[in-house]
Amino acid sequence: MALAESVTPQAGPQAEYLELLQLVERLHRQLLDVVKDELDREGLEDVNSVQALLLFNIGDQELTAGELRTRGHYLGSNVSYNLKKLVDAGYIRHERSSTDRRSVRVSLTESGHAVREQLNELFARQAGSLHPVGGVEGETLPTVNTALTRIERFWADHIRFRM
């Protein structure tokens with residue numbers, strides 16, 4: 001059941017918090033749709049939006065799947081599956097760590113960097129049109145980012161400390 005279906009109308013901070021939860025859920029889905037639309041426009045059919053965002057988040061780094069899970073908050077099996085698909089499609093190279101043979105380090109190939117650059121250009125275009133088209137003032141973004149970072153920390157603490 002989607003979060004939106006389970007929310008009942010209420011007043012006060014709880015209603016605002018429930019609205020925030022719905023919005024975060026919708027924003028995530030819409031981000032994936034925006035990325036998918038860009039991939040479709042570029043004719044990239046062998047990579048999906050989740051995989052493209054993985055490429056974007058890896059960037060110029062060399063990481064393990066565990067580091068990707070920690071930094072990107074991806075699910076473990078989801079990361080492993082998508083990394084395998086990206087290796088098979090030629091977007092990622094992988095090497096066993098010389099110090100820990102169980103660990104595999106991944107980095108982008110030229111094709112992976114090309115997808116990352118396409119997303120970087122998309123996000124730059126969107127940042128430039130956020131105010132004129134979206135009506136979002138650039139000065140408000142730091143406040144929004146601070147609030148979302150605090151919510152992220154609140155949720156992490158909730159899990160860590162079993163609040």
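Start by colouring the chain by confidence: the lowest stretch is helix α1 (residues 3-6), with a mean pLDDT of 54, and the highest is helix α6 (residues 110-129), at 97. This is a predicted model, and the chain as a whole averages a pLDDT of 90, with 93% of the residues scoring at least 70.

Next, select residues 13-41. That's helix α2, 29 residues running 41 Å from the first C-alpha to the last, close to the 42 Å expected at 1.5 Å a residue. Now show the side chains of Ala15, Leu18, Leu21, Gln22, Leu32, Val35, Glu38 and Leu39: these are buried. As you look along them, keep in mind that an α-helix has 3.6 residues a turn, so residues three or four places apart point the same way. Step past the end of α2 to glycine 43, which has a positive phi, near 75°.

Together with Phe154, Trp155, Phe161 and Met163, Tyr17 makes a nonpolar patch of about 520 Å². Click on tryptophan 155 in that group: it sits in helix α7 (residues 141-160). Is tryptophan 155 buried or partly exposed? Its relative accessibility is 31%, so it counts as partly exposed.

Last stop: threonine 99, in the loop between β2 (92-96) and β3 (104-108). Threonine 99 is exposed, because its relative accessible area is 73%, and the cut-off for exposed is over 50%.

Notes:
Residues are numbered from 1 along each chain as its sequence is written. This is a predicted model: local features need pLDDT of at least 70, side-chain atom pairs count only at pLDDT 80 or more; totals for chains, interfaces and linings use all residues. Side-chain values use heavy atoms; hydrogens and water are left out. Helices (H or I, at least four residues) and strands (E, at least two) are DSSP runs, numbered from the N terminus. Buried means under 20% relative accessible area, exposed over 50%, partly exposed in between (1.4 Å probe, protein chains only). pLDDT is the predictor's confidence in each residue, from 0 to 100. The expected span of a helix is 1.5 Å times one less than its number of residues. Patches are made of residues with over 30% relative accessible area and no salt bridge: like charges are joined within 9 Å, nonpolar side chains (Val, Leu, Ile, Met, Phe, Trp, Tyr) within 5 Å. Accessible areas come from the Shrake-Rupley method with a 1.4 Å probe; for residues, only the protein chains shown count as cover. A salt bridge is a side-chain nitrogen of Lys or Arg within 4 Å of a carboxyl oxygen of Asp or Glu.
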